[in-house]
Amino acid sequence: MASKNDPFQFQEFDEAGDLLEANRDAVTISIENEDLKSQRPRSTVGFAQDAADEEPLISDDREELLSGQKKSAPFWTFEYYQRFFDIETHHVKERILGSLAPWPGKNFIQAYLRKNPDLYGPFWICTTLVFAIAISGNIANFLQHYGNPGHKYTPDFRKVSIAATAIFSYAWFVPLGLWGLLLWRNNKILNLVSYSFMEIVCVYGYSLSVYIPAVVLWILPYEWLRWVTIAVALCLSGSVLVMTFWPALRDDHPKVIIATVSGIVLLNALLAVGCKMYFFSKPEPGKEPGLMVNSSPTVKAIKVTSP
């Protein structure tokens with residue numbers, strides 16, 4: 001009969017603490033359930049697989065954003081034009097200063113746009129120029145007839161709509177025609193430099209910024225000052241345009257180069273001179289608003305003497 005202190009006798013214990021109390025020098029071994037043991041690595045592997053499946057999607061989106069290969073929205077949607085208004089203020093200031101002080105041999109698109117044209121700057125430059133022309137024209141008309149008792153000043157609000165039509169038509173339709181010409185010549189001669197339509201619109205918009213201070217100076221009633229400011233503004237604005245589009249024209253046929261450069265300069269001059277002549281010219285007597293002219297016929301009495 002086995003003794004009670006037989007170490008080889010099998011015994012059942014309710015808790016592990018009873019075993020430790022009976023023999024504190026005993027070695028304990030923890031054995032886990034095989035089902036729980038197999039579930040843990042399985043769940044861990046499943047989590048790693050899900051993360052591995054998501055990583056290529058995240059990396060693909062990141063690569064598309066960095067490389068600019070995200071699908072762009074159609075041009076008739078608001079999302080397409082929204083990215084052209086996403087620009088920092090210091091970039092707009094840099095581009096305005098670059099258009100006011102063109103440097104010989106410096107391309108405006110390569111130096112300032114860097115494949116990132118915007119419409120924020122051109123839009124507000126054109127809008128500011130429209131109101132500057134209309135307001136300065138009315139002030140110049142007021143100063144011209146100041147002190148004339150026969151003149152009654154009335155502001156001409158039609159100048160706002162006329163100036164807006166002229167400025168925005170020039171800022172959109174002239175770049176459209178130039179873009180079509182460059183695209184046509186690029187198909188004829190494959191090694192020509194090509195610009196996008198938004199880049200050309202951006203250049204034309206910023207080239208008009210020099211006319212804003214010039215128009216403000218036209219308020220002063222001095223014709224020589226007005227013509228001098230027109231000449232300076234034409235030189236600065238025309239230089240920006242010619243130096244920007246020269247790389248796209250220099251390898252073309254000489255006749256095409258002369259015709260295109262002449263068209264760029266003449267249309268720019270036509271806008272400046274046309275605004276000066278229409279909004280700041282001296283009106284003829286009887287045609288200006290507010291001027292009252294006595295147009296009643298005069299009757300002269302003729303005395304007839306009898307022979």
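The structure holds one cavity of 30 Å³ or more. A cavity here is a set of points, on a 1 Å grid over the protein atoms alone, where a 1.4 Å probe fits but cannot get out. This is a predicted model: local features need pLDDT of at least 70, side-chain atom pairs count only at pLDDT 80 or more, and totals for chains, interfaces and linings use all residues. Residues are numbered from 1 along each chain as its sequence is written, and side-chain values use heavy atoms, with hydrogens and water left out.

**Cavity**

- Lining residues have an atom within 4 Å of a point.
- At least two lining residues come from each of α6 (120-144), α9 (211-217) and α11 (254-279). Helices are DSSP runs (H or I, at least four residues), numbered from the N terminus.
- Helix α11 gives the largest share of this lining, three residues.
- By class, the lining of the largest cavity has 10 nonpolar, no polar and no charged residues. Nonpolar covers Ala, Val, Leu, Ile, Met, Phe, Trp, Tyr, Cys and Pro; charged covers Asp, Glu, Lys and Arg; the others, Gly among them, are polar.

**Aromatic pairs**

- Rings of Phe, Tyr and Trp (its six-membered ring) pair if their centres lie within 6.5 Å; planes under 30 degrees apart are stacked, over 60 edge-to-face, the rest tilted. The count comes to 12 aromatic pairs.
- One of them is Phe108 with Tyr206, a tilted pair at 6.0 Å centre to centre and 45° between the planes.
- Phe108 lies in helix α5 (residues 108-113) and Tyr206 in helix α8 (residues 197-207), so the pair ties together parts 98 residues apart in sequence.
- Phe108 is buried, at 3% relative accessible area, and Tyr206 is buried at 0%. Buried means under 20%, exposed over 50%, partly exposed in between (1.4 Å probe, protein chains only).
- Trp172 and Phe197 also form a tilted pair, 6.0 Å centre to centre with 45° between the planes.
- Trp172 sits in helix α7 (residues 158-188) and Phe197 in helix α8, so this pair ties together parts 25 residues apart in sequence.
- Trp172 is partly exposed, with a relative accessible area of 35%.
- Ring pairs also link Tyr170, Tyr195, Tyr204 and Phe245 into a cluster.

**Charge over a ring**

- Arg185 lies over the face of Trp184, 4.9 Å from the ring centre. The rule asks for NZ of Lys or CZ of Arg within 6 Å of the ring centre and within 35 degrees of the ring normal.

Conventions: 1 Å grid on protein atoms, 1.4 Å probe; cavity = no way out; pocket = protein on both sides within 12 Å on 5 of 7 lines; lining within 4 Å. Points joined across faces, edges and corners; volume = space filled by probe spheres on them.
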